[in-house]
Protein chains: 2
Amino acid sequence: MTRRTRRTSGRVTLDDVARRVGVSKITISRALREPWRVSEGLRQRIHAVIDELGYIPNRQAGALASARSRSIALLVPSLSNAVFSEVIRGVDEGFAGSGYQVLLGHTSYSREEEAHLIDTYLSFGVDGFIISGSQHTDSARQRLSRCGLPICEIMELPESPLDMAVGLDHEAAGHALTGALLELGYRRLGFIGARMDYRARRRLEGWQRALTEAGLSTAACLTTESPSDYRLGGQLLGELLEQYPALEMVCCVNDDLAAGALFECQRRGIRVPDQLGLTGYNGLDITEATTPTLSTVITPRRRIGVAAASRMLSRLEGDQGTEVLQDLGFEIALRESTRPAGG
Amino acid sequence: MTRRTRRTSGRVTLDDVARRVGVSKITISRALREPWRVSEGLRQRIHAVIDELGYIPNRQAGALASARSRSIALLVPSLSNAVFSEVIRGVDEGFAGSGYQVLLGHTSYSREEEAHLIDTYLSFGVDGFIISGSQHTDSARQRLSRCGLPICEIMELPESPLDMAVGLDHEAAGHALTGALLELGYRRLGFIGARMDYRARRRLEGWQRALTEAGLSTAACLTTESPSDYRLGGQLLGELLEQYPALEMVCCVNDDLAAGALFECQRRGIRVPDQLGLTGYNGLDITEATTPTLSTVITPRRRIGVAAASRMLSRLEGDQGTEVLQDLGFEIALRESTRPAGG
DNA sequence: GTGAAAGCGCTAACAG
DNA sequence: CTGTTAGCGCTTTCAC
């Protein structure tokens, strides 16, 4: 008995509360998790003592004992992209009041970083994953499918989903937008894109398909792997116009680029939409604020988050669920940056 | 012995690895945490088995046993505000390679939500807190000061910091910006603000002090508690101009509002800066992209994150640290939305 | 350089 | 409605 007692965190534990109340610690535990199984009066005394002592449960111990952490991981490519902040808000909303904690991770658009984060959150013992996109490293796919946790891939509709998926068809959206522009009478269309991830490439493919179907050229297309930002939009627009000065419309792979392109037009004195039409993609706030407002494709970002959370919750509560893929669609918003119909 | 064995997670544990290698589990644990204490050959065999079995350490168990989780909480008001995405990036950078995991939480600008998140992360056993701002509920202040963890308040310079703080003086920044505008010859200045949190109010106070010192009116001031966005910038500008049509300058409490105000000017045909000057605050990307570019105060957002992380790390590694307050300053950027000097 | 034993704080399982 | 016991997977402490 010379063994020194192990240094403890000094924090108030369930045992401290139990001793103070004069019951066993499991009763305290139950009062917190299954209050209906503890008598009214005792429950009140327990809560009084909890407040008095400032007891905060240790979730690590709880998770270790119960093999569930009541937390889920949400992995997005970027936190600076407004698209994902709305997805996050949706997921938060969806989990509000459920008792689940959302652990947020951002992959910086890197599959390797994603794989690393998956391991990290696995080691945190999360009960499920909500992950942007369907493009993972092989080892990440293995880890995910072997861990047996519910997984929801969001934003797009994967060909071979790991488990569940909620998103939209970006190729169809690109195609539909381009189709709408052709109907407005545009014939010489260009495309600029940055950070050409899978979803961005799908939009471009939709644009190409629509033009090809109409017998038009898809040559005026300029893309880069650099991260997207306003200034890049202006720069790409400038480069594209240099090569193709006769363009009457430039489709931008996202709203940031479109806004940047618009600012560049203002700088150069190019009148939008009279001399040049412009479209974005996503329907961020800025598209409704600029002068002129920007035509775009509105994607259901927040709803994707909410739906992912709610499907995750059902799975966590035992439902086996039905559909694998959930398509939330998109909406074409033609505004001031494209010529009016019949114009 | 009829007692059923407890259902385990089914995951590979340290014990599984140990059995396979033929050593005790503590050796595996050491090979991972203190590799230099395990012989070279054994270490290699261990790592081979870890890869083979796909072992992922259980951080909860580790944290429980060691009373440190190697994670810290980063609490920001908002994820959709670009200001904080750069702070987050800075913090991430600062912790990169340290072995610490950053757990991100957003309070939606609510002290109650903040207090709740503090409890949540405390129950996750984080080793420290980095928190935006100095305005907390009483109970949150108590919890934070009693938990004995290192705490870094960021963005501003609190009067009575909980522990450490890294930020800048927003009142001084507001004052300096306004002073610079007075030097450019502006005399009739207005102010619009949204989401008037503590930092926003400090900027306004700086603006007021500068005008008062110059004997000018501070009446043309319009603020709201609503969240800030582009459209609100336009709306507030409109309302302010209705009341004060002779204004020659409108200072916006942040860049979003300033951009929105600029778009509104374009819509109304008000030439910026010829007829009206405009300034923002923070120095977000958009301020360099619009036409005209926006004058603003550049705040060292990313550097604040990096500094907070690095101070947190020193504390976690035992340094008691020296300075409490760290002032990272600001930079006035006069660009195209204000008249040129001497103009 | 490696190991055995004990225990972190909690909950599952069974008992009354 | 409340309690007892065992153990989650890991690290600490002490021992060799």
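Visitor: How much area is buried between chain B and chain A?
Guide: Carbon and sulfur atoms give 57% of it. This is a predicted model, where local features need pLDDT of at least 70, side-chain atom pairs count only at pLDDT 80 or more and totals for chains, interfaces and linings use all residues, with side-chain values taken from heavy atoms, leaving out hydrogens and water. Residues are numbered from 1 along each chain as its sequence is written, while chains are lettered from A and ligands numbered from 1 in the order in which they are written. Buried area is the accessible area (1.4 Å probe) that two parts lose on being put together, summed over both, and here that comes to about 4400 Å².

Visitor: Which residues of chain B lose the most area to chain A?
Guide: The contact (heavy atoms within 4.5 Å) takes 49 residues from chain B and 49 residues from chain A. On the chain B side, three residues together make up 15% of what is buried. They are B:Gln60, B:Phe124 and B:Arg267.

Visitor: Let's turn to the DNA. Which residues come nearest to DNA strand D?
Guide: A residue is near a strand if one of its heavy atoms lies within 4 Å of it, and 30 residues are around DNA strand D. Of these, the nearest are A:Thr27, B:Leu14, B:Lys25, B:Ser29 and B:Tyr55.

Visitor: Is B:Arg199 buried or exposed?
Guide: B:Arg199 sits in helix H9 (residues 198–213) of chain B, helices being DSSP runs (H or I, at least four residues) numbered from the N terminus. Its contacts beyond four places in sequence include B:Phe84, B:Met155 and B:His170. Buried means under 20% relative accessible area, exposed over 50% and partly exposed in between (1.4 Å probe, protein chains only). With 7% relative accessibility, B:Arg199 therefore counts as buried.

Visitor: What span should helix H9 of chain A have?
Guide: The expected span of a helix is 1.5 Å times one less than its number of residues. H9(A) has 16 residues, 198–213, and its end C-alpha atoms are 22 Å apart.

Terms used
Helices (H or I, at least four residues) and strands (E, at least two) are DSSP runs, numbered from the N terminus.
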